[in-house]
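Me: Can you walk me through how the helices pack here? I'd also like to hear about the surface.

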Amino acid sequence: MMSKKSMWTLKLSTAAIALIPAAIGINYLGKLFAGLLKLPLWLDSIGTVLASMLAGPIIGALSGIINNVIFGLTVDPISTVYAITSGAIGLVVGVMAYKGWLKSIKTAIVIGLVVGLVAAVVSTPLNIIFWGGQTGNVWGDAFYAFLVSNNFPVWLASFGDSIVVDVPDKVATVIVSYLIFRGLPKNFISIFRGSDKIEEL
């Protein structure tokens, strides 16, 4: 069939399967890089976002979820909980990429803003349950403390904490991923866009 494939198609091509561990590796390196430089960003979703741009929301979401589970089992157990957030990031980027938003740096910034907002909404209740509302990020937690000291409710302070961290982080993440995506050869990108034989579930 020559019809445009649904963005919800699970592509089980060799390339898509290989993309998941590659995305996990990129996520890990991004997180390590941010940690070593003590950046006020996470940078742990670059692989997830790139996978979503290349292969769609399902592969992107799987990359993010599996990444958090592995990181949770090997380094930080609480990371597993945020697999929900990573899955949401993969879905949002994959959908927006499928809808044609990958046109320029400007649209990449818009995607980053949307992803940052979604990540904050999903993460806020998790932060409240497991961290008392904080994120563990120095910048975000300082803003949280400021809001709480001014009698803002914990849920709003926690959301503010997430926003000041997640929005800049996801904008930076999407821009970096977009630049990598644009730098890839077209024939490489076409591998994930359905030019090869795939199995659909």
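Predicted model: local features only at pLDDT ≥ 70, side-chain atom pairs only at ≥ 80, totals over all residues.

**Helix packing and surface**

Reply: The axes of helix H1 (residues 14-36) and H3 come within 9 Å and cross at roughly 55°. Residues are numbered from 1 along each chain as its sequence is written, and side-chain values use heavy atoms, without hydrogens and water.

Me: Which hand is the crossing of H1 and H3?
Reply: Right-handed.

Me: Which residues of H1 meet H3?
Reply: Ala16, Leu19, Ile20, Ala23, Ile24, Asn27, Tyr28 and Lys31. On the H3 side they meet residues including Ile59, Leu62, Ile66 and Phe71, with contact meaning heavy atoms within 4.5 Å.

Me: And at what angle do H3 and H4 pack?
Reply: About 160°, with the axes 7 Å apart. That makes H3 roughly antiparallel to H4. H3 passes H4 in a right-handed crossing.

Me: What does H3 put against H4?
Reply: Pro57, Gly60, Ala61, Gly64, Ile65 and Asn68. Among the H4 residues they meet are Gly87, Gly90 and Gly94.

Me: Switching topic, which residues form the nonpolar patch on the surface?
Reply: Tyr28, Leu29, Leu32, Phe33, Leu36, Leu37, Leu39 and Val75, with about 790 Å² of accessible area together. Patch residues have over 30% relative accessible area and no salt bridge, and nonpolar side chains are joined within 5 Å. The areas come from the Shrake-Rupley method with a 1.4 Å probe. A salt bridge is a Lys or Arg side-chain nitrogen within 4 Å of a carboxyl oxygen of Asp or Glu.

Me: Where does valine 75 lie?
Reply: In the loop between helix H3 (57-74) and helix H4 (83-98).

Note on methods: Patch = residues over 30% accessible without salt bridge, like charges linked within 9 Å, V, L, I, M, F, W, Y side chains within 5 Å. Helix = DSSP H or I, 4+ residues; strand = E, 2+ residues; numbered from the N terminus. Axes fitted to C-alpha atoms, helices over the stretch in contact; angles between N-to-C directions. Left-handed = near helix turned anticlockwise from the far one by under 90°. Parallel < 35°, antiparallel > 145°, perpendicular 65-115°, else oblique.
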